[in-house]
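Please look over the sequence and the fold shown here before reading on.

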Amino acid sequence: MPPIPDPASAALASVPATTTGGERRVAAIDIGTNSIHLLVAAIDPVLGSFSVVVAEKSTTRLGERDPETGDLTPEAIERAYLTLRHCRDLATSHGVEQIVTAATSAVREAPNGRAFLQGLQDQLGLVVDLVSGPEEARLIYLGVLSGLSFGDQPYFILDIGGGSTELVLADGRDARALTSTRIGAVRLQREFCREDPLTPARRGFLEAYIQGAMDPAVAEVKRELRPGEKPVLVATSGTAMAMAALASAQDPNPPLKLDGYRLGRARLDEIVERLVAMTPDQRRALTAINERRAEIIVPGALILQTTMEILQVRELVVCERALREGLIVDWMLRNGLLVDRFTFQSTIRRRTVLHLSRTYGVDTGRADRVASHAMSLYDQTRGLLHDDDGEGRALLWAAAQLHACGKHVNIAAYHKHTWYLIRHGELLGYSEAEHLMVAAIARYHRRSLPKKRHESWQLIEAGQHRHTVFTMALLLRLAAALDRRPAPGIAAITVSADTDRAHQPRGFTIGLQAGPPEAGEPPLDLSLEEWSLRSCADLVLEATGLRLTVTQASP
C-alpha cells in the first residue's frame, strides 16, 4: 500500500529556501474564536531558540455561530478562508519548512467544525490540529515558558480567549494543573451583553456566572499548590494586552512593549469600572485598543477581574507569548531542538501515556514487552510492511502501551473498550488527529481489519493517517500475538524477507529465540508463541499479500 501524499506537504515542497546559516523557519497558525494569528519563527538549532519574523492577526469572529444550530456561519467561514489563504501564502513566501496549525474553542464545539477543517485541507492544503481544552492550556504554557524565566517560582497562567479561558499552574519544569473553562469574551458578549452599557443587575448576574464557571478551575490549580507557595499571575492574549494598553496609556512614561507589564488589582478595578460605564461608541473611541477589541472588552475584563479575586492575587504580569508561540516550542520539542529547562516538558507524551496506562490498571511489564516487540518489528520491516517516516513509530509505542487497557472494562471484545478509553482519555502532547490514531491502532490490534462502518475508522479522515493506522495496527497485532504468557519468554525476534526469482517479496519469516532457562529448568519451548503468530497469517496475507512464516531457533 503506497503512502498517500499530504497536500500541505506537497504545497510546501516547492517553497524556495530563503533561510541562511543553518536557520530553520516554521510557521504557526492559531485559529481562535475571536481571531486568527500567524507567526513565522526563525529557529536557531544550535542555541535551541527562536525569533519572530512575522506576526499577524486578523479578527474573524468564528465564535459568532448560528444561535439555533451552533454551526460556524457561512460568513465566518468565508472570513476565515480568506485570512488563512493569506496566512498560508505569507508563510510559504518566507520559506518555512512546515506550517503547524491549531483550532480551538469555536471549531471544537461547532457541529460543522470538522467539515470546516476538512475544507481547509482540501482547498488550502492546511492540515489543522483540533486541540482539546487541556491541550490548548499546555500549548499556552509552552508559549509563556519560551518567553518568561520561571526559575523556582510557581506561576498561575491565565489566558482569556474568545470562547474559553485557560488557567494553568506551572513552574519551570512542568505544568502541574491544566484547566479549560467554556467562558470567553466573544461567548459572553453574545450571550449576556445585549444591553450595553450593562445594567447593575445584569453585571451582577454576569459576574456570578463567571465565578461559578471559574470556581472548579481555581480549586483544581490550588490543590496543586505546595505549602507556602504564592504564585505570580501571568495573563496572556487579547483581553490582558488590552487592559495593559489602557493602563500604560495613562503612565507618565508608557513602555515601548507591554510584555512584562505589571498591572495591580486596584488599577485594574478602576479601568473596569470606567469601561462598564461607557457606551459602545465611547469604547470604540479609545485609542489604546482597536474597535473590534472594544466590542468585547467588557466581558473579557470581568473574567480577568473576577478570576483575580477568586485567586486572591493583587497583581498580574502581562506576557505577549501564548498559544501560537507554544506551537513553535512544541514543534522544536518534537524535533529534538530543545534541551535544558524544556527537557522535562519534552517527555509529556511519554508521561501522559504511562499515566493513562496506570489509571486503567495495565500490566506495565507486559505492555513494555509488547512495545519492545512492536519497536523491533517496526525497525526490521521498514520497506516490507511499511514505509513510515518515523511519526508512526511513536504512535505505535503509545498504542502498544495502552492496547490492553480495555480489559479494565471487560475482557470480552476488550479491543473495542480500549479504543473508547483511549479516545476519551487525556493524552497531552498529542494532537486530536494523533490521539485518534493511537486509539485506532490499539483498536485494530486484534480481530477484524478496519471497516468503513466502524466509528473508529470513520474518525480517521486523512488518507495518510488511515495508511499509518493500518500499517502500525498490523505490527501491533504481531507484537501482541507474541505476548502469550505472564513471564517473559522471547529474547530476540528476527525478520527476513522471502523473495521470488525477481527479488520481489512474496512473504516474510519471523524467527523467535527463547530466553535462557532458569537454573535446572529445560529450555523454554515457544510453541505457544509460534501458534499465536501463525493464527495471524491469513489476515496478514489479506492485508499485505505477503505470506507469514514462523520459525523457532534451536535451543
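Is strand S2 (residues 35-44) largely enclosed by the rest of the structure or exposed, and how many of its residues are buried? The model is a predicted one, in which local features need pLDDT of at least 70 and side-chain atom pairs count only at pLDDT 80 or more, while totals for chains, interfaces and linings use all residues. Residues are numbered from 1 along each chain as its sequence is written, and side-chain values use heavy atoms, with hydrogens and water left out.

Because 9 of the 10 residues of strand S2 are buried, this strand is largely enclosed by the rest of the structure; buried here means under 20% relative accessible area, exposed means over 50%, and partly exposed lies in between, with a 1.4 Å probe and protein chains only. Strands are DSSP runs of E with at least two residues, and helices are runs of H or I with at least four, both numbered from the N terminus.

Strand S2 pairs with strand S1 (residues 24-31) in the antiparallel sense through 8 bridges, where pairing requires that DSSP finds at least two bridges between the strands. A hairpin with 3 residues links S1 to S2, and within this pairing alanine 27 has valine 40 of S2 as its bridge partner. Strand S2 also runs antiparallel to strand S3 (residues 49-59), with 10 bridges between them, among them the one that joins isoleucine 36 to serine 58 in S3. The hairpin of S2 and S3 has 4 residues between the strands, and glycine 48 takes a positive phi near 70 degrees there.

In the protein chain as a whole, the secondary structure comes to 21 helices and 14 strands, and buried residues make up 55% of the 555 residues. Along the principal axes, the C-alpha atoms fill a box of roughly 85 × 55 × 50 Å.

The last stop is a loop residue. Glycine 383 lies in the loop between helix H14 (364-380) and helix H15 (391-402), and it counts as exposed because its relative accessibility is 57%. From glycine 383 to arginine 446 the separation is 63 residues in sequence and 23 Å in space, C-alpha to C-alpha.
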